[in-house]
Amino acid sequence: MSTDAGDAEGCAGTFTNGGRSYAVARLRFQGADAGREPLRIGLFSGVHGDEPSGPAALQRFLESLGRDPGRAAGYDLWVYPWVNPTGCERGTRENASGKDLNREFWRDSQEPEVRILEAELSRRRFHGLITLHADDTCEGHYGYTHGRPVEDSLLRPALEAAERALPRDGRPVIDGFSAKEGVITDCFTGILSPPPRQEPQPFNIIFETPASAPLELQVQAHVAALDAILAAYRSHVSYAEGL
Ligand SMILES: [Zn+2]
C-alpha cells in the first residue's frame, strides 16, 4: 500500500489496495461567523465498515445543516464519514488488511487510513472530536468520555436528546466497561483520538447506537446527539469566555 497526502477538496488522502485506489473522504461545513475563532470539530464515522448508521447519519446531518445552518453557527466542521473505505465497501469491521483501525491510532501504525487520519488530526488541531459507532452487543445508545468533566457535560445532553429516537443502555456494564446512565469513562487503547501531545487536549466523545435497532432510528439518534453536543459546547465556550 502507498499513501498520498490529500489536499484536494473532498479528500483527506488516498491509498491503494489490491491494485485499486481509495480515498479517505473529507467534507467541510463552515457555520456562520459567531465573532470568535471558529470552533473546529472533527466528525468521524465508518471506522468499522459494518456500522452503516454512522455514515448515513453524518450525511443526514450535513444535509440538514444545509437547510438550517444556524445550528452550526460558530463552528468549522470537518467531516470524515468513511474512515475505513475498504471495510465500508466490504461491510467488514476491519479494513482490507484485516486490521481493526480503532486499535491502531498513535501506535506507529502502518495502516494507510490511520496515517492519513493522524496527519489530519495533527494538522487541524481540532477543539473537539466526535466519532459515531454502532454496537451489536448493547441494549440502547450510550457513549464514551475519557474522564474529562467537559466531555461529561457534552455527552449527557446528547444521550438525553437521543432518547427521542432510541432508549438508553442503562446497564452497569457495557462492552466490558463499567457504565453509569450510559456513560463510560474508560476506553480501549489505540482508538481514533487527538494527538497525544496536543495541548490543551480537545474533547473526544464516542457515541454508540444499538446496531440491531432500525437504521432510521439509529440515524435519528446520532443526529440528535450531534446537535446536542454542538449546542452544549457552544454554551460551554460562551460561559468560559464570560468568566
Ligand atoms: Zn464501531
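A crossing of two helices is right-handed if the near helix is turned clockwise from the far one by less than a right angle. I kept that in mind while going through this predicted model.

**Helix pair.** I looked up α4 (residues 149–162) and α5 (residues 215–242) first. Their axes come within 8 Å and cross at roughly 140 degrees. Oblique is the range between 115 and 145 degrees, so I logged α4 and α5 as oblique to each other. I noted the crossing of α4 and α5 as right-handed. From α4, the contact takes in V150, S153, L154, P157, A158, A161 and A162. From α5, I listed A221, A224, A225, D227, A228, I229, A232, Y233 and H236. I sorted the residues of this contact into 13 nonpolar, two polar and one charged.

**Core.** I turned to the largest nonpolar core, which has 60 residues. V83, A158, A225 and I229 have the most contacts inside it. Helix α5 gives the largest share of this core, ten residues. I then followed V83. Beyond its neighbours within four places in sequence, V83 touches V24, F44, G46, V47, L101, E113, L117 and L192.

**Backbone.** I checked the loops next. The peptide bond from E199 to P200 is cis, with omega near -10 degrees. I placed P200 in the loop between β11 (183–184) and β12 (203–210). D175 is not a glycine, yet its phi is positive, near 55 degrees. I found D175 in the loop between β9 (173–174) and β10 (177–178). E181 also has a positive phi, near 50 degrees, and sits in the loop between β10 and β11. I counted 18 other C-beta atoms within 10 Å of D175, so D175 is partly exposed. For E181 the count is 13, so E181 is partly exposed.

Key. Residues are numbered from 1 along each chain as its sequence is written. This is a predicted model: local features need pLDDT of at least 70, side-chain atom pairs count only at pLDDT 80 or more; totals for chains, interfaces and linings use all residues. Axes are lines fitted to C-alpha atoms, for helices over the stretch in contact, and angles run from 0 to 180 degrees between N-to-C directions. Helices (H or I, at least four residues) and strands (E, at least two) are DSSP runs, numbered from the N terminus. Angles under 35 degrees count as roughly parallel, over 145 as roughly antiparallel, 65 to 115 as roughly perpendicular and the rest as oblique. Two residues are in contact if their C-beta atoms, placed from the backbone, lie within 7 Å. Ala, Val, Leu, Ile, Met, Phe, Trp, Tyr, Cys and Pro count as nonpolar, Asp, Glu, Lys and Arg as charged, and the others, Gly among them, as polar. A nonpolar core is a set of buried Ala, Val, Leu, Ile, Met, Phe, Trp, Tyr and Cys residues joined through C-beta atoms within 7 Å. A residue is buried if 20 or more other C-beta atoms lie within 10 Å of its own, exposed if 12 or fewer, and partly exposed in between; C-beta atoms are placed from the backbone.
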